[in-house]
Structures are given as C-alpha cells and as structure tokens.
Amino acid sequence: MSVELSHLRDQIDEVDKSLLDLLAKRLQLVAEVGEVKSQHGLPIYVPERESSMLAARRQEAERMGIPADLIEDILRRIMRESYARENDKGFKTLKPDAGPIVIVGGDGKMGRLFNRLLTLSGYQVKTLGEQDWPQATSIVSGASVVIVSVPIHTTVEIIHKLPKLDKETILIDIASVKRQPLEAMLAVHEGPVLGLHPMFGPDVGSVAKQVFAFCDGRDSGAYQWFLEQLQVWGARLKKITANDHDRNMSFIQALRHFTTFTYGQNLAEEHVDLQQLLDLSSPIYRLELAMVGRLFAQDPQLYADIIMSSDENIELIRRYYQLFGESIEMLERKDKAEFIQQFNKVSEWFGEDAHHFMKESQSLLQRANDNRK
C-alpha cells in the first residue's frame, strides 16, 4: 500500500509542477496585458470581461467534471494577484499637461498610497508635511491638484490653514466624513472642489475593484480627468451627496467599529482564553474573531476619530444601546415568541439579499477553515 501511495503522490507532485509552470506562464501574459493597458489608458479591472471569463470557465469545468466553484475560487485568487502585478507596469497619464500634485499629509499611509499610484501614473507628486508649512505657499504654487490626506479630527483645520490656491487647482479631501470637509473646501477655495472617500485601507495590494465614494463640490468638469484616472487604476466610483454619505458611514463605519470595539473590550474584561476560543471556533466565529482582532491591530486614534466624528454617530449608537437593552429584557422574559417575531421581521427586511449573503459567505467561511492550523 505504501509503495502504491508513494507512486500516486509522485504523480501528484508532477502535476503540481505542471500547474506551477502554467501559472508562471499566465502571470507573464498578465504582465504583457498590463503593458498594453498602460500604453492605451485601459483600466486594470473590467467587470464585463471578468464576468464573461468566469462564466466560460465555469461551464468548461462542469463539462470536465470539475466543480465550477473550485475553478472560480482558483481564478479569483489568481486574478487578485494579477491585478497587483499590473500595478508594476504603471498607468497611462490621462492629463499629461497637469502640474504637480500636492498631497497634504503625504507621509501618512493613505498619502503614501496615493503618492505611489500617482507616480506610477506619470505625475509629479509633492508632499506637504507638518515640517513643511513655512514653505506651504511655494509648494502648492502651480499645483494642478491638492489632496488633503490628514487625520479626520484635523481635516477641517488643515483645509482652513492652506494658503490661497490657484483658481484652476483642484482641491480634494479623502477623509471618511464628507459634509464638514466639503463645506470647508468650498469656503476657502474658489476653484474646483471634490470630496473623495477611499472605501478601503492603505494596505491594499491593488485598487482594482475598490470603491471610491465621491461628492461633487464645484466645477465637476474640471476634475473629471482625475476620476477617470482612478478608474484606470481599476477603481469603482460611487457618486453620492455629502449628507447621504455621512449617514451611510454612520452605519458602515461608526456603529460597526463601535460594536466591534465593545465586543473586544468584553472579551478582554472577561479574561477569555483566546487560544481556546480559536481551538473551539467554527469557521464563521473564527472569521468574526479575526475581524475583531484586526481592529485592535490598527491605530486607535483613527477609530476614535471615525466613531466620534459627529453627534449623529453618537445618537445612532445611543439608539442601538436602547434597542440592545430592550432585547435583553426580552431574553430575561424568555420570550421566544417575541424573539422569533423580531427575527422574522428583520429577515423580511433583508429579503432575497439574505439568501445572497448566505451564498456569498460560504466561500469566505471555506477559506477561513482552510487557514486553520
């Protein structure tokens, strides 16, 4: 038996080597595709191309007796690597006559990400850091774009601190709140104004598929080229008003981060054995625990700024606290009928999306289980 098993394993090793050769060949082709896209200003991510390719490969896999989900999982992982590698080839400069682009707070993580992408796109990038304010006027002089990339709690203050910009200069902020920074930019600058929010962290390998929310400020035609440059990077753009943006961020960021914070706080206060939790966890709990741990591996000032950025956030969290208390009273009454009624009410609110999320989460749970040691 051991001889037969060894022989089969040797064959598997040979197949694995063939797969590596094919993967290397595919990545080389991806590199060539990246060069063509760079030359012609084509976006890294084209949803229609990706969807049609995956659909075709799924059909081919099924005809060969291979699970369609398996080949899709493999291809999506390969494509993620491919998008990151295409960054190395640079991007087409959509506005070759643009003057320097100044990043205020360019030494921060998000500022460095923008610096890298803009440099790869052929633009001259300058930074305006804390120590550079005595030379701020000369640094921003002649700038085509000034991007404010500073902590949330200092964004409005820094916007008001900016020297007078050229009227043609595009003024952009990238804070995760939009109403107050947008109002401040419109007040201090006569030229084009754009509110931008990268809906991702600075540690992404590629901007492909990532969402930028943007709010029109003034003279949208002047900064259209900049939005198109984001699309060349593979980004997806979502236009929204500043008020709607901030209301949605109250749920997407403030409330979610607060509940994650308090759950982590509770684990620490209860002196839970983290390793035992991991050893006994289901894939979904392990994934949830990973998201909690991820929060506490980052900058606490950032999350304090996000959660406490507005009175509306605090009021939303207060309403959540009230609802939490009402739910505890329901548990104390052991009112299962009420629990089921509330459960069904929320299920009805989610509608078909609940089943979609159920299916979407399966692949995440499988990967979480695969990563177990």
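This is a predicted model: local features need pLDDT of at least 70, side-chain atom pairs count only at pLDDT 80 or more; totals for chains, interfaces and linings use all residues.
Visitor: Good to know. How many helices and strands are in the chain?

Guide: The chain holds 15 helices and seven strands. Its C-alpha atoms fill a box of roughly 80 × 65 × 35 Å along the principal axes.

Visitor: And what share of the residues is buried?

Guide: Of the 373 residues in the chain, 36% are buried. As for contacts with a sequence separation of 6 or more, 68% of them join residues 24 or more positions apart.

Visitor: Which way do strand 6 and strand 7 pair, parallel or antiparallel?

Guide: Parallel, over four bridges, with strand 6 covering residues 211–218.

Visitor: Strand 5 keeps coming up. Is it buried or exposed?

Guide: Buried: six of its six residues are, so strand 5 is largely enclosed by the rest of the structure. V193, G195 and H197 cover one side, while L194, L196 and P198 are on the other. Strand 5 also pairs with strand 4 in the parallel sense over three bridges, and V193 stands opposite L171.

Visitor: What does L196 touch?

Guide: Leaving out residues up to four places away in sequence, its contacts include F114, I172, F212, F214, F226 and L230, as well as D173 and K178. In the largest nonpolar core, which has 39 residues, L196 is among those that touch the most other members, along with F114, L118, I147, I172 and F226.

Visitor: What lies apart from that core?

Guide: Another core, of 24 residues, with V104, W133, A213 and I240 among them. As background, nonpolar side chains tend to be buried together in soluble globular proteins.

Visitor: Back to helix 7. How do helix 6 and helix 7 cross?

Guide: Their axes come within 9 Å and cross at roughly 5°, taking helix 6 as residues 152–161 and helix 7 as 179–188. That angle is under 35 degrees, and the two helices are therefore roughly parallel to each other.

Visitor: Which residues make the contact?

Guide: Helix 6 brings T155, V156, I159 and H160, and helix 7 brings Q180, P181, A184, M185 and V188. By class, six are nonpolar, three are polar and none is charged.

Visitor: New topic: I307. Where does it lie?

Guide: I307 lies in helix 12 (residues 300–307).

Visitor: Why does it count as buried?

Guide: Because I307 has 10% relative accessibility, and the cut-off for buried is under 20%. Not counting residues up to four places away in sequence, I307 touches A254, H257, F258, N313, I314 and I317. From S18, I307 is 289 residues away in sequence and 51 Å away in space, C-alpha to C-alpha.

Key: Residues are numbered from 1 along each chain as its sequence is written. Side-chain values use heavy atoms; hydrogens and water are left out. Axes are lines fitted to C-alpha atoms, for helices over the stretch in contact, and angles run from 0 to 180 degrees between N-to-C directions. Angles under 35 degrees count as roughly parallel, over 145 as roughly antiparallel, 65 to 115 as roughly perpendicular and the rest as oblique. Contact means heavy atoms within 4.5 Å. Ala, Val, Leu, Ile, Met, Phe, Trp, Tyr, Cys and Pro count as nonpolar, Asp, Glu, Lys and Arg as charged, and the others, Gly among them, as polar. Two strands pair if DSSP finds at least two bridges between them. A nonpolar core is a set of buried Ala, Val, Leu, Ile, Met, Phe, Trp, Tyr and Cys residues joined through side-chain atoms within 4.5 Å. Buried means under 20% relative accessible area, exposed over 50%, partly exposed in between (1.4 Å probe, protein chains only).
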